Every structure is written in C-alpha cells, then in structure tokens.
Amino acid sequence: MSFLISIIIPTYNRAYLILDTLKSVQKQTYTNFECIIVDDHSQDDTEQVVKAFCESDDRFSFLKRPAHRLKGANACRNFGLENSKGIYVNWLDSDDLITEDHLEKHVRVHKINQDIQASISAVGTFFNKIGDHDELWLKAQPTGDLIKDMLTIKVSWATPSVSWKRNELPMTPFREDLSSSQEWTFHLLQVINGLKYSKFDSITVYVRRHEERVGKDTSEKKYRATFHSRYIILKELYKQQQLKKSYQKALLNRMLQAMKKAIYYKYDRVLFGQVIKLFSIIHFVKYKKELLKVLFIYIPVYRILRRGETLFKV
C-alpha cells in the first residue's frame, strides 16, 4: 500500500535557490507525495519561480502565509500542515536538498515500525553542491539520556530529517512566537512527552551551509527566543515531573547567558520579560539562592559597572 506523504516547504526570498530544492523533491523514487510551498511574502521572484514549477507538476502547490499570522517560517510550517492531506508529514527548508530515496526510506521505516511517531535519518552538509563538504550536520544518535543530550546540543535533529506520522502531531507543532530555537523546542517537547521514534544512519538530507552564521546574530529577537524557548522546556519538564537537577542547570545557565546579552546590548524590554519569567519559576527550581543573587545583585552590578559577567550561572 502506498501512503501519501506531505512535504511542506516554508520559503522567503529564495528565488535563486528554491528550484534545486524542488527538483530534489520531484526526483523522489517514492512518488505518492504532495509538496506544499508556503511563501512568507517574499520580496523577490520566489512566487513567480515556484508557481511556474507548480504548473509543470500537479503534486506541487503554492500558498502564501495569511496576513493575520505572525511572519516567519514557523507560521508557514504550521499553515502548510493545516492544508496538507498526507498520512506522513516531512518539513523541508527551501535551500536544502533530499536524496532521491529520502521518502522511500522513511516510509519503509514507518511500515516496519508501525508504532513509531517519527523516523529520523542522518544529515550531511554542502555549500554549493552535494560532495563539496563532508561534515555531518550534527550528531543525531543519543549516547544515553536523550533529553540531556538535546538540552546541551550534543544531539540535534534537523527538521527535514524527521518524517512524522500526521495523527501524532500537535495541531501547531512550531511555536509562532519564537524567532529561533523553534525546531529544538518542538523536537524536545515531543521527546519529553514520550516520543516513539526510529533512527537510521543513511544520509537522506543535505543542509546548505551559508557564509552568514546564526552565531553572529545579536538581535533583540534572538535573546528573547533563546530565553523563552528554555523557559518553555523547563516548565514542560516540571509539568511532566521530569525536571532533574542536571536539566535545570543546563536550561538555567542558557537562560542566564541570554539575560546577560540582553543587558550588554541594552535590550531592556527583553530583560524585563526575562526577569518576570525567572521570578515565576523560582518556587520550583533547585537553584533559588543562585537565581535570587542574579536578580538582585548581579543584574544591577552588570548594568551599572559592566563587570561580573562570569557570575551569570548556577
């Protein structure tokens, strides 16, 4: 039996790259798929390029993010899901590539392991064409404690490398209020809630490496999202009674680093929101004294003297 799989591609200003991505989908050996491209109101020729491609293959369709939804890939991914029909769902980024047997291998894993919610493949990297870079994207196989490995980024799953059973997905998988760490948050929430998955070692996805690095981003949105994503995970772990001390330490240290950056770049609105959230979790975390010192001593000192940045940790 051939099951329909939905490939959902959010895109923004990718007129110069997206055709390579769409062609990699079109070449799939597993042909029972629909591919939904959701444009985030691009300012270049992305819409014309994609629409012309869709006219040549009716498995491809073009949508635009509704104006009332928040701008960003998250809303596009969720909107694509809402308009999809597949038994399985696979998100793909508009500058990455999948191998010809990507869908075939993932569907096979689901058929063999019918109780799983997700299948996960390995991920390679490239700059301009497959083969010009030989590094893996990130390690995907846990060494022991998967939650801890994901909290500390020792393990990470690239969004295109995961094929999901549709009826196991939440209605809005991606938090539309996060400008970064959204995929990390989505995957971790599923793991915390008992995700059943199967991992295989074949590389079926290639993530494009760009010269511009996310690490260079010092925007207000980044530090808000870095803090808020960890806050979401910390609260969920507490709710599920899984909040180990080691998990708390990893999350709180990342949150405090985001606070320090908000102070350094004078993002006062971001800092205010972070302080409010930190106060809201003090009653159930193990590091109450350390957090109170940060709130009442280290933050004022660092704001005024620009000294004491090494103290932002538990």
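How many aromatic pairs does the count come to by the rule for rings? I began my notebook with that.

**Entry 1: ground rules**

I am working with a predicted model, where local features need pLDDT of at least 70, side-chain atom pairs count only at pLDDT 80 or more, and totals for chains, interfaces and linings use all residues. Residues are numbered from 1 along each chain as its sequence is written, and side-chain values use heavy atoms, with hydrogens and water left out.

**Entry 2: aromatic rings**

I looked up the rule. Rings of Phe, Tyr and Trp (its six-membered ring) pair if their centres lie within 6.5 Å. Planes under 30 degrees apart count as stacked, over 60 as edge-to-face, and the rest as tilted. By this rule the count comes to 15 aromatic pairs.

I picked out Phe53 and Phe60. They form an edge-to-face pair, 4.9 Å centre to centre, with 80 degrees between the planes. Phe53 and Phe60 are both buried. I noted the cut-offs: buried means under 20% relative accessible area, exposed means over 50%, and partly exposed lies in between (1.4 Å probe, protein chains only).

Next I looked up Tyr238 and Phe284. This pair is stacked, with 3.8 Å centre to centre and 15 degrees between the planes. I found Tyr238 in helix H7 (residues 220–239) and Phe284 in the loop between helix H9 (268–281) and helix H10 (288–305), so to speak of distant parts of the chain, 46 residues apart. Helices (H or I, at least four residues) and strands (E, at least two) are DSSP runs, numbered from the N terminus. Tyr238 is partly exposed because its relative accessible area is 42%. Phe284 counts as buried because its relative accessibility is 14%.

I also noted one aromatic cluster, formed by Trp91, Trp164, Phe174 and Phe186.

**Entry 3: charges over rings**

A charge sits over a ring if NZ of Lys or CZ of Arg is within 6 Å of the ring centre and within 35 degrees of the ring normal. The charged end of Arg77 sits over the ring of Phe174, 5.0 Å from its centre. The charged end of Arg230 sits over the ring of Trp184, 4.0 Å from its centre.

**Entry 4: helix H3**

Which residues of H3 are buried? I listed Asn74, Ala75, Cys76, Arg77, Asn78, Phe79, Gly80 and Leu81. Helix H3 (residues 73–82) is largely enclosed by the rest of the structure, because eight of its 10 residues are buried. The buried residues of H3 pack against strand S1 (5–11), S2, strand S3 (60–64), strand S4 (88–91) and helix H6 (182–192).

**Entry 5: salt bridges**

Side chains of opposite charge can pair when their charged atoms come close. The rule for a salt bridge is a side-chain nitrogen of Lys or Arg within 4 Å of a carboxyl oxygen of Asp or Glu. By this rule I get 18 salt bridges.

I looked at Arg14 and Asp95. Their side chains meet in a salt bridge at 3.3 Å, N to O. Arg14 lies in the loop between S1 and helix H1 (18–26) and Asp95 in the loop between S4 and strand S5 (97–98), so the pair ties together parts that are 81 residues apart in sequence. Asp95 counts as buried because its relative accessibility is 7%.

Then I took Lys64 and Glu47. The closest N and O atoms of this salt bridge are 3.1 Å apart. Lys64 is in strand S3 and Glu47 in helix H2 (residues 46–56), 17 residues apart. Lys64 is partly exposed, at 36% relative accessible area. Glu47 is also partly exposed, at 21%.

I noted a network as well: salt bridges link Asp40, Arg65 and Lys71.

Glu34 lies in strand S2 (residues 33–39).

The side chain of Glu34 does make a polar contact with the side chain of Ser6, at 2.5 Å. A polar contact is a pair of N or O atoms within 3.5 Å; within protein, one must be able to donate a hydrogen and the other to accept it, and residues adjacent in sequence count only if both atoms are side-chain atoms.

Asp39 is in strand S2 too. Asp39 is buried, with a relative accessible area of 0%.

How values were computed. Contact means heavy atoms within 4.5 Å.
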